[in-house]
Amino acid sequence: MPPVYLDHAATTQVDESVLAAMLPAFREAFGNPASRGHAIGRRASKAVDDARFAVATLIGARSMRDILFTSGATEANNLALSGLLRPGAHLITARTEHKSVLDTALHLTQHGVTVTVLDVQPDGRVDPAAVAAALRPETALVSLMLVNNETGARHPIEAISPIVQQAGVPLHVDGTQAVGQLPVEVQTMGIDLLSLSGHKLYGPMGVGALYIRREVRRHLVPMLRGGAQEGGTRAGTLNVPGIVGLGAACQLATDVLPATEPQIRHLRQRLWAGLKPLGRVHRQGPTDEAALAPGILNVAFEGADRSAVLPRIPELAVSGGSACTEGSLAISHVLDAMGVSAERAKTVIRFSLGRHTTAEAIDFTIDRMTAAVQAVRQSDSRHRDASPRSR
Ligand code: PMP
């Protein structure tokens with residue numbers, strides 16, 4: 001069995017068709033898209049326009065002009081918050097958001113912005129009533145993710161957006177773990193700003209986008225200055241090959257999503273069904289399919305610390321939580337917000353499936369996880385029996 005990659009929430013492999021689409025951007029369309037005075041520059045500019053159109057199409061934007069290219073979702077999240085929140089403004093967000101939202105919000109509190117960080121329900125979802133209760137006359141932005149990167153919990157954005165809209169407040173959604181994984185339609189869902197990232201949808205790293213509705217964009221203050229690129233909203237020479245790759249990945253997602261979403265959902269259910277017989281396993285996040293991303297399964301294996309289990313399965317690529325916080329010893333802020341104890345958090349493994357995950361890979365994972373967890377539990381209990389303190 002070749003290595004089994006179940007860490008798609010950390011990153012996805014660049015699709016071959018995406019790579020093939022990117023190569024001409026290095027070889028033939030290598031010009032600066034701002035150099036419209038010659039054909040090579042215009043070729044690059046056309047490639048960027050095509051990619052912008054593909055991104056807009058995937059997320060149901062009204063116009064491709066509402067798409068702003070960035071270096072990834074971290075930058076898109078930073079720009080959404082820093083670009084719209086002025087001193088005196090109020091932001092509503094939630095405890096389980098990505099750190100690129102939470103740390104930016106914290107930074108803005110030093111610049112006169114007040115922030116309400118909402119608690120989540122035990123399944124990791126925000127209650128729309130809590131958003132309604134937190135709104136104030138000075139609220140200038142609500143920022144909530146669509147899908148959580150650790151648990152796959154999907155906030156009820158469709159129920160939240162009318163509340164926010166009625167208050168006349170823009171809604172920013174971090175769609176990094178959702179775009180390309182499940183249908184996202186900014187207009188029908190009432191989303192004013194949406195962050196997305198190339199490397200989560202089989203495109204390259206280091207490129208992403210911020211969708212921003214024209215009426216909201218007028219108020220956005222740039223973070224990067226010094227050039228007229230992206231209408232002056234984001235200065236800097238465009239990453240043409242990256243943008244072309246993101247466009248190709250979005251085009252591919254538009255084509256394959258109707259088939260891949262149910263297929264991945266089904267495999268995730270198969271994985272959970274196969275792990276349950278182990279006993280003393282607990283799932284973090286919602287159980288209702290409508291409230292879940294297709295590919296993420298977060299499981300605590302009671303009595304078996306991840307640090308003892310994973311070295312027994314070197315062929316398996318999974319993680320404990322988000323890649324961004326992997327190295328830190330602190331309990332994940334997401335699990336903490338959901339009331340998961342530090343002891344349980346140490347036993348949590350996040351499995352995240354992708355388009356190329358097979359039933360064989362899932363069955364292999366079930367077998368190897370079962371053996372490894374049982375072995376760790378047994379050696380732990382032997383250890384306890386032998387220890388004088390436990391007598
Ligand atoms: N938001 C979420 C929910 C994410 O999962 C990630 C990536 N881990 C990001 C933002 C940051 O994306 P990027 O890697 O493109 O900066």
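Author: Gly231 is exposed, with a relative accessible area of 73%; exposed means over 50%, buried under 20%, and partly exposed in between, using a 1.4 Å probe and protein chains only. You will find Gly231 in the loop between helix 8 (214-217) and helix 9. Helices here are DSSP runs of H or I with at least four residues, strands are runs of E with at least two, and both are numbered from the N terminus. Although Gly231 and Leu68 are 163 residues apart along the chain, their C-alpha atoms are separated by 9.0 Å.

A word on the ground rules: this is a predicted model, in which local features need pLDDT of at least 70 and side-chain atom pairs count only at pLDDT 80 or more, while totals for chains, interfaces and linings use all residues. Residues are numbered from 1 along each chain as its sequence is written, and side-chain values use heavy atoms, with hydrogens and water left out.

Strand 2 (residues 67-70) runs antiparallel to strand 8, and four bridges join the two; strands count as paired if DSSP finds at least two bridges between them. Within this pairing, Ile67 stands opposite Tyr211 of strand 8. Strand 8 also has strand 7 (residues 193-197) as a partner, again in the antiparallel sense, over five bridges. There, Ser195 stands opposite Leu210 of strand 8.

The loop between strand 7 and strand 8 holds Tyr202. This tyrosine has a positive phi of about 70° although it is not a glycine. Tyr202 has a relative accessible area of 2%, so it counts as buried. The setting of Arg280 is the loop between helix 9 (240-275) and strand 9 (281-284), and its relative accessibility is 46%, so Arg280 counts as partly exposed.

Now turn to the ligand. There are 14 residues around it, and those that come nearest are Thr74, Asp174, Gln177, Ser197 and His199; a residue is near if one of its heavy atoms lies within 4 Å. An oxygen atom of the ligand is 2.6 Å from an N or O atom in the side chain of Ser197, and for the side chain of His199 the corresponding distance from a ligand oxygen is 2.8 Å. The backbone takes part too, with a polar backbone atom of Ala73 lying 2.9 Å from an oxygen atom of the ligand. A polar contact is a pair of N or O atoms within 3.5 Å. Taken alone, the ligand exposes 400 Å², and the protein buries 89% of that; accessible areas come from the Shrake-Rupley method with a 1.4 Å probe.

Which element gives the largest share of the shell around the ligand? That is helix 3 (residues 73-84), with three residues. By class, the shell has three nonpolar, nine polar and two charged residues. In this scheme Asp, Glu, Lys and Arg are charged, Ala, Val, Leu, Ile, Met, Phe, Trp, Tyr, Cys and Pro are nonpolar, and the others, including Gly, are polar.

Strand 3 (residues 90-94) is another enclosed element: five of its five residues are buried, so the rest of the structure largely encloses it. On one side are His90, Ile92 and Ala94, on the other Leu91 and Thr93, and all are buried. Strand 3 pairs with strand 4 (residues 114-118) in the parallel sense over five bridges, and Leu118 in strand 4 is the bridge partner of Ala94.

Definitions and conventions. Polar contact = N/O pair within 3.5 Å; in protein donor to acceptor, adjacent residues only side chain to side chain.
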